[in-house]
Amino acid sequence: IRCWSNIPFITMPLSRAHGKSFAHRSELKHAKRIVVKLGSAVVTRGDECGLALGRLASIVEQVSMLQNQGREMMIVTSGAVAFGKQRLRHEILLSQSVRQALHSGQSQLKDMAIPVLEARACAAAGQSGLMALYEAMFTQYSICAAQILVTNLDFHDEQKRRNLNGTLHELLRMNIVPIINTNDAVVPPPEPNSDLQGVNVISVKDNDSLAARLAVEMKTDLLIVLSDVEGLFDSPPGSDDAKLIDIFYPGDQQSVTFGTKSRVGMGGMEAKVKAALWALQGGTSVVIANGTHPKISGHVITDIVEGKKVGTFFSEVKPAGPTVEQQGEMARAGGRTLAALQPEQRAEIIYRLADLLTDQREEILLANKKDLEEAENKGRLALPLLKRLSLSTSKLNSLAIGLRQIAASSQDSVGRVIRRTRIAKDLDLEQVTVPIGVLLVIFESRPDCLPQVSALAIASGNGLLLKGGKEAAHSNQILHHLTQEALSIHGVKDAVQLVNTREEVEDLCRLDKLIDLIIPRGSSQLVRNIQKAAKGIPVMGHSEGICHVYVDTDASVEKVTRIIRDSKCEYPAACNALETLLIHRDLLRTPLFDQIIDMLRVEQVKIHAGPKFASYLTFSPSEVKSLRTEYGDLECCIEVVDSVQEAVEHIHKYGSSHTDVIITENEETAEFFLQHVDSACVFWNASTRFSDGYRFGLGAEVGISTSRIHARGPVGIEGLLTTKWLLRGDNHVVSDFSEHGSMKYLHESLPLPQRNTN
């Protein structure tokens with residue numbers, strides 16, 4: 001804990017040897033010394049006269065937050081000319097109005113022309129006001145700021161350089177934020193054709209090179225350059241094909257076309273890139289980003305430091321493989337080629353993958369053993385996750401059987417006609433199934449998920465991006481290699497991509513132009529995080545698996561303990577495992593109730609009592625903290641209800657719409673439960689564990705969806721398809737169907753083509 005101005009704050013253990021820039025965005029969180037360069041377009045208002053106070057306040061807040069984390073922050077700022085211009089214009093208008101009123105003797109003023117204001121005079125008038133504004137803002141966070149005015153000569157004179165360096169180090173040592181600006185009151189005249197007319201009136205010369213030189217001089221870890229564009233594009237921003245460059249490497253200048261400069265400022269993007277590369281060569285990492293966008297400017301600096309994919313990151317380390325954006329484009333192109341194959345060819349790929357799972361069993365298990373050993377040595381995985389991580393011969397055999405089921409059922413998936421309508425004579429409409437596009441599947445500790453999801457994507461003609469947990473890296477690598485080997489038999493190897501870069505899940509969820517559907521497979525926390533992070537991309541899945549079993553008064557003694565044991569104990573970490581056991585009140589203190597409790601004790605299931613159940617007991621188990629708990633282990637909650645109606649109400653209030661079960665011999669009660677429980681899967685006298693794509697005969701599943709749109713329950717091939725409409729006509733136009741037209745709508749339903757049921 002450090003204290004400054006009586007305000008305590010937490011410091012971070014930030015230190016590294018300077019001399020080499022960070023290789024990856026994820027390392028930026030270790031940056032200790034940071035320079036933030038604020039371009040003219042960021043600091044000034046849209047009318048180029050005065051400061052954008054809201055943006056400036058947000059930037060000060062972010063810099064203060066990072067400073068109070070123990071980092072050393074410096075700001076290179078524009079704005080003095082703009083602030084001075086505002087003050088001088090006000091003074092000139094006031095002066096002219098007074099003179100004119102005295103001269104004419106009239107209160108009504110004529111139009112007054114404002115002379116062109118010389119930039120150096122504006123800077124002289126604005127420097128003190130700009131600094132006073134920064135000081136007032138930083139004071140709100142108990143941080144002191146200090147102003148330093150420099151010119152290019154200060155870097156050429158060795159004594160001045162040492163003085164500047166010493167001053168900055170002393171300020172940083174005292175936890176003061178230096179605010180550096182070029183001394184525009186004494187800078188040389190501007191270059192020809194930049195005579196401070198029009199948009200150039202508040203430009204600040206050489207601020208980009210100043211920030212870069214300062215960053216290298218001070219051995220800064222990170223330079224953040226904020227402008228009015230998102231970053232560096234491969235062609236002028238705003239053009240149809242312009243794409244934001246996520247990572248820029250030295251030597252890539254030839255692949256970039258520079259557009260016009262921002263509305264204010266002298267440098268332009270080409271000057272920023274040159275300055276950034278100069279700083280990078282000096283050992284400072286650089287990010288160029290947008291500091292004016294209202295949706296991101298409030299957290300752009302902190303997002304960059306946290307390693308989020310914002311703007312363009314300059315790196316000297318070029319990855320060996322493709323970027324995730326390139327992988328997304330490859331998956332899109334590969335998926336379209338895959339969808340164009342004959343159904344038999346897609347099935348052949350899946351059959352080949354099933355064979356490889358058994359043929360290459362030893363290599364797969366060896367890779368999985370490495371993952372298990374590393375996880376156990378690091379001790380970072382709980383026992384349920386270790387079980388999910390583990391592969392075995394029986395698991396691989398089951399996987400192969402499931403894949404062959406998928407192959408057999410995929411013959412009539414893509415391109416199936418589900419509706420035919422005759423709109424009018426010689427005008428026929430068809431609705432046919434097509435792939436969704438590119439799927440992003442994110443999974444934790446489940447290497448068996450990779451071949452399952454790959455087979456479903458292949459069968460449905462979808463491109464696929466896979467992001468597995470690092471705890472299963474070796475297993476995922478070999479399983480993906482085998483998947484690509486199977487795809488290669490028909491030349492569609494690129495359709496399934498494994499993301500091995502250091503992409504954060506949150507960054508992947510922002511690729512809305514590359515990904516059409518996100519499917520998370522993992523913990524409820526993972527699903528919730530992805531649902532929160534996804535920007536404009538639908539997420540299929542469920543955040544929790546709070547499954548109920550209701551034991552009715554008419555339940556069979558023989559069935560109750562078997563179904564409860566299987567639902568809770570067969571695989572307690574599964575999302576379809578029993579979490580809450582509802583028991584009819586009349587069954588309390590009966591032999592059946594005693595059998596249930598004895599069985600749970602034998603299976604070492606920890607019992608938590610619901611509020612009503614606890615009220616019936618003198619000495620009860622620990623009362624449950626929440627009735628909305630997914631334990632994922634040998635634990636469950638027991639609660640008492642008075643009727644099947646109350647059981648349904650309890651499930652609707654505390655459940656997650658996943659899987660719920662009734663055990664009863666009363667058919668009328670069972671049908672009431674089946675019809676009224678609003679969950680994806682509702683069973684009668686069957687274990688919750690049947691809620692599974694393989695057990696449903698789907699071959700496998702990409703997950704279980706509790707959504708009410710598109711797919712619900714275990715999602716197999718059908719859930720990965722959408723539809724498109726095909727209209728076949730012969731010179732038809734809508735005007736022919738008007739009131740006085742020659743044609744009439746028929747809207748006749750036509751028979752569907754015979755499905756292949758083999």
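1. Two strands count as paired here if DSSP finds at least two bridges between them. With that in hand, take strand 8 and strand 10 (residues 312-314) in this predicted model: they pair in the parallel sense over two bridges. If you want a spot to look at, Phe248 stands opposite Phe314 in strand 10.

2. Now zoom out to the sheet around that pair. Eight strands make up an open sheet, and their order is 5-6-4-3-7-9-10-8. The pairing is mixed. Strand 5 (145-150) and strand 8 (247-248) are the edge strands, each pairing on one side only.

3. What lies across strand 6 (177-182) at about 140 degrees? That's helix 7 (residues 207-217). Helix 7 also lies across strand 3 (33-38), strand 4 (72-77), strand 5 and strand 7 (222-227).

4. Next, have a look at helix 2 (residues 53-67) and helix 4 (residues 119-139). Their axes come within 10 Å and cross at roughly 50 degrees. Angles from 65 to 115 degrees count as roughly perpendicular and those under 35 as roughly parallel, so helix 2 is oblique to helix 4. The crossing is right-handed.

5. On the helix 2 side of that contact you'll find Leu53, Leu56, Ala57, Val60, Val63 and Ser64. They meet Leu133, Tyr134, Met137 and Phe138 in helix 4. By class, the contact comes to nine nonpolar residues, one polar and no charged ones.

6. Helix 18 (residues 524-533) has its own set of buried residues: Ser524, Leu526, Val527, Ile530 and Ala533. What do they pack against? Their partners are strand 13 (438-443), helix 17 (505-508) and strand 16 (517-521).

7. Strand 21 (residues 659-663) is worth a stop. Five of its five residues are buried, so the strand is mostly covered. Thr659, Val661 and Ile663 point one way, while Asp660 and Ile662 point the other way.

8. Four bridges join strand 17 (residues 547-551) to strand 21, with His548 opposite Asp660. Another four bridges join strand 21 to strand 22 (residues 681-684), again running parallel. In that pairing Ile662 stands opposite Trp684.

9. Two residues have a positive phi without being glycine. Ser445, at about 50 degrees, is found in the loop between strand 13 and helix 15 (449-460). Asn731 has a phi near 65 degrees, and its place is the loop between strand 25 (721-728) and strand 26 (748-749). Buried or exposed, which is each of them? Ser445 is buried because its relative accessible area is 2%, under the 20% cut-off. Asn731 counts as exposed because its relative accessibility is 71%, over the 50% cut-off.

10. Last one: Leu277, in helix 8 (residues 268-281). Leu277 has a relative accessible area of 15%, so it is buried. The C-alpha atoms of Leu277 and Pro250 are separated by 6.8 Å, with the two residues 27 apart along the chain.

Key:
Residues numbered from 1 in each chain as written. Predicted model: local features only at pLDDT ≥ 70, side-chain atom pairs only at ≥ 80, totals over all residues. Heavy atoms only, no water. Axes fitted to C-alpha atoms, helices over the stretch in contact; angles between N-to-C directions. Parallel < 35°, antiparallel > 145°, perpendicular 65-115°, else oblique. Left-handed = near helix turned anticlockwise from the far one by under 90°. Contact = heavy atoms within 4.5 Å. Nonpolar A, V, L, I, M, F, W, Y, C, P; charged D, E, K, R; others polar. Buried < 20%, exposed > 50% of the residue type's maximum accessible area, 1.4 Å probe, protein only.
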